[in-house]
Amino acid sequence: MEKPKSIAQFDHFIPVSTSRLVSALVRAGLSTEQVRVVHKIRRLITLQFSDRLIKLKQLYQPFNPDRELLAEDDESIQSADAIQQIKQLLHEANYSELTRQQIEYALEQTSPYGLDVKIDFDQFTDVSLFYRAKSQRTVMVRNWKTLFIKKRSVNLIAYQRICLLLHYPKQHHKSGIHIKLFKDILRPDLEMLFPDCKIRMKTIDKIKLAVTGGGGTAGGLVATIGKLTAAVSPLAIIMAVAGFAALLWRQINKVFVQRTRYMASLAQNLYFNNLDNNMGAITYLIDQARQEEIKETLLAYGLINLQKINNSMELDSACETWLMEQFDCTIDFDIEDGLKKLVDYKLIEQQNEPLSCQSAETLCELLDHQWQEYMELPESRI
């Protein structure tokens, strides 16, 4: 398998760690006082996401399939609210939702690992698939064009992160909101992530079983008929019938052996590619959203101070160009998220042209004041 080729220009995800991004901004010319502002922004965003994690866990708890606490009889908590909050969190973590058309297209393709899976979507109240970062990979597969003999290279989309959101109805034995996180999933393998899937054999294995099994069984049947015709004793008849039964069982057993191999392949792929589930996935996604919001905010703040930028469109282009120059990565920078915190924290006035910030000393005092105000807020307002 070749090295994945990035096609991340369609993604908002910034594939650089926060510390590495800050170091690059410092090398680019941020002053010591401006770096203090950077760290204060980082801490304030982290504080707010910490409180958000607590609230989201409380909202999700009644629908957690792994719940070990007593269920709360709170009719005000609706599953739709929890699903909406989780989807919003995924968008903030720079995940993109796959449309139903994209999902159906992926399910029509046969997995290069030889798994052909059928899914019953009617059992779910809500089904959503989100991905973050994708690349193009080349894999070697067999198909009918080469009579399933030679392998040929095929380019496939691979998703670096996948989140599967499933909502079962209350009457279902698996009721609740299931959140599944996976890594490095090929697009044809998306169907493997769904529960209660029906595994079907791939075409080459059907042909092999039909040729070997059908031919062997037919030959065994002809031989058995010949022996029965020529048999003169009951023992010979019994031995002929027993031999044919053993041959027939051998052919049938091949089907079960093949199915077992498929199940083992499925389990192996899911075991190594599963990242987290349910409540653990909530914590994982909160941290991802926190990191993305910090990086977007710090990058916007840094470039406003390092370059002359007149408006948000210029800032959007400047951020994308700077990331390409510094880290050789092409993304679609989310300028709305990048400016949101700067405006919320009153660090810039978005309508001003060119975009500019107050002095670093003033911003440090402003952020300290906002930290103190946030800490003194009643829990109901956080």
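In this predicted model, the loop that joins α3 (79–92) to β2 (96–97) contains N94. Although N94 is not a glycine, its phi is positive, at about 65°. Most residues other than glycine have a negative phi. N94 is also buried, with a relative accessible area of 3%. A133 is buried because its relative accessible area, 7%, falls under the 20% limit. A positive phi, near 60°, is likewise found in K346, which follows helix α9.

Helix α9 itself spans residues 335–344, and its buried residues are I335, G338, L339, K341 and L342. These residues cover an arc of only 155° around the axis, and they therefore lie on the same side of α9. In general, an α-helix has 3.6 residues a turn, so residues three or four places apart point the same way. The partners against which the buried residues of α9 pack are α2 (32–60), α7 and α8 (312–327).

Helix α7 (residues 278–306) is also paired with helix α1 (residues 18–28), the two axes coming within 10 Å and crossing at roughly 5°. Because this angle is under 35 degrees, α1 counts as roughly parallel to α7. On the α1 side the contact is formed by T18, L21, V22, L25 and A28, which meet Q291, I294, K295, L298, L299, G302 and L306 in α7. The residues of this contact divide into 8 nonpolar, 3 polar and 1 charged.

The largest nonpolar core comprises 67 residues, of which I41 and L315 touch the most other members. Helix α7 supplies the largest share of this core, 13 residues. With residues up to four places away in sequence not counted, I41 touches T297, L298, Y301, L342, Y345, L347 and L367. Among these contacts of I41, L298 also takes part in the meeting of α1 with α7, while L342 is one of the buried residues of α9. A second, separate core has 20 residues, including I119, Y159, I162 and I185. In soluble globular proteins, nonpolar side chains tend to be buried together.

F49, which is placed in helix α2, is buried, with a relative accessible area of 4%. Although F49 and D287 are 238 residues apart along the chain, their C-alpha atoms are separated by 8.0 Å. When residues up to four places away in sequence are not counted, F49 touches E92, I286, A289, R290 and E293. Q370, in turn, is found in helix α10 (residues 360–376) and is buried, with a relative accessible area of 15%. Leaving aside neighbours within four places in sequence, Q370 is in contact with L44, D344, Y345 and K346. Of these contacts of Q370, K346 is the residue with positive phi that follows α9, and Y345 is also touched by I41.

Technical notes: Residues numbered from 1 in each chain as written. Predicted model: local features only at pLDDT ≥ 70, side-chain atom pairs only at ≥ 80, totals over all residues. Heavy atoms only, no water. Axes fitted to C-alpha atoms, helices over the stretch in contact; angles between N-to-C directions. Helix = DSSP H or I, 4+ residues; strand = E, 2+ residues; numbered from the N terminus. Parallel < 35°, antiparallel > 145°, perpendicular 65-115°, else oblique. Contact = heavy atoms within 4.5 Å. Nonpolar A, V, L, I, M, F, W, Y, C, P; charged D, E, K, R; others polar. Core = buried A, V, L, I, M, F, W, Y, C linked by side-chain atoms within 4.5 Å. Buried < 20%, exposed > 50% of the residue type's maximum accessible area, 1.4 Å probe, protein only. Arc of directions from axis to C-beta.
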